[in-house]
Amino acid sequence: MEFFIDTGDLEEIKTAYSWGIVDGVTTNPSLVAKAGIDQKTLIKNISEIVDGPISAEVISTDSKGMLEEAYELAKIHKNVVIKLPMTKDGMIACNQLSKDGIKTNVTLIFSANQALLAAKNGATYVSPFIGRLDDIGQTGMQLIGEIREIFDNFAFETKILAASIRHSDHVKASAIMASDVATVPFKVLEQLFHHPLTKIGLEKFLADHEKSLK
Ligand code: E4P
């Protein structure tokens, strides 16, 4: 299973990448706004840190505008993946980019049918938003399971990228559901390392070692 980091913060990306667990990066317009620099500069900076897929989202809502933006973003680096919204125009752009050999990530997926449409249009990734479904009282993780089953039924090559991850249980459940990738905020990536018994165990080992020296 691959891990992407879901952030536009370069320090977070550098730190998490140094842990050896980050395979790529996802951004969205909200994360770019938070980073406080223009998208192209941000994506270029990220490409200098991480050697892996970097999702950059288009802002246009019409397919022509999406494609114009996509071709510009794709010029930044070979690892750029074009993030498109799950709309009819997004699907037209996805179909074209797939024919052009440009990787895509269809975002704002909230149903298995939406994921199926994206896969039919040759999407490289689909991003089901787990946390936002949980927020409205649904079970986001169930959606991952449904998409997995559908993609396996028809041997679609489109990868499932579990997004809107809020806590470490989302990461574990995504892995159990055989999601290909999870894009995880820095804070949650950090949580994955911790277990109270690891901390207690290490403290005891170190204390015993100290005692043995006396
Ligand atoms: C990543 O591709 C998504 O844009 C992101 O995971 C959304 O997360 P949020 O629901 O916490 O904003």
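A polar contact is a pair of N or O atoms within 3.5 Å. Keep that cut-off at hand for this tour of a predicted model.

Start with arginine 132. One of its polar side-chain atoms lies 2.7 Å from an oxygen atom of the ligand. Next, select arginine 166, where a polar side-chain atom is 2.9 Å from a ligand oxygen atom. Then go to asparagine 28: here the distance from a polar side-chain atom to an oxygen atom of the ligand is 2.8 Å. Now show the surface of the ligand. On its own the ligand has 340 Å² of accessible area, and the protein covers 84% of that.

Besides Asn28, Arg132 and Arg166, they are Asp6, Thr26, Lys83, Phe129, Ala163, Ser164 and Thr183. Coloured by class, this shell shows four charged, four polar and two nonpolar residues.

Hide the ligand and look at the space it takes, which is the largest pocket. The volume of the largest pocket is about 490 Å³. It is lined by 23 residues, and those closest to its centre are Asp6, Thr7, Leu31, Lys34 and Pro185. Asp6 is also one of the residues around the ligand.

Helix 2 gives the largest share, four residues.

Notes
Residues are numbered from 1 along each chain as its sequence is written. This is a predicted model: local features need pLDDT of at least 70, side-chain atom pairs count only at pLDDT 80 or more; totals for chains, interfaces and linings use all residues. Side-chain values use heavy atoms; hydrogens and water are left out. A residue is near a molecule or strand if one of its heavy atoms lies within 4 Å of it. A polar contact is a pair of N or O atoms within 3.5 Å; within protein, one must be able to donate a hydrogen and the other to accept it, and residues adjacent in sequence count only if both atoms are side-chain atoms. Accessible areas come from the Shrake-Rupley method with a 1.4 Å probe; for residues, only the protein chains shown count as cover. On a 1 Å grid over the protein atoms alone, a cavity is a set of points where a 1.4 Å probe fits but cannot get out, and a pocket is an open set with protein on both sides within 12 Å along at least five of seven lines; lining residues have an atom within 4 Å of a point. A molecule sits in a cavity or pocket if more than half of its atoms lie within 2 Å of its grid points. Ala, Val, Leu, Ile, Met, Phe, Trp, Tyr, Cys and Pro count as nonpolar, Asp, Glu, Lys and Arg as charged, and the others, Gly among them, as polar. Grid points are joined across faces, edges and corners, and a volume is the space filled by probe spheres set on the points. Helices (H or I, at least four residues) and strands (E, at least two) are DSSP runs, numbered from the N terminus.
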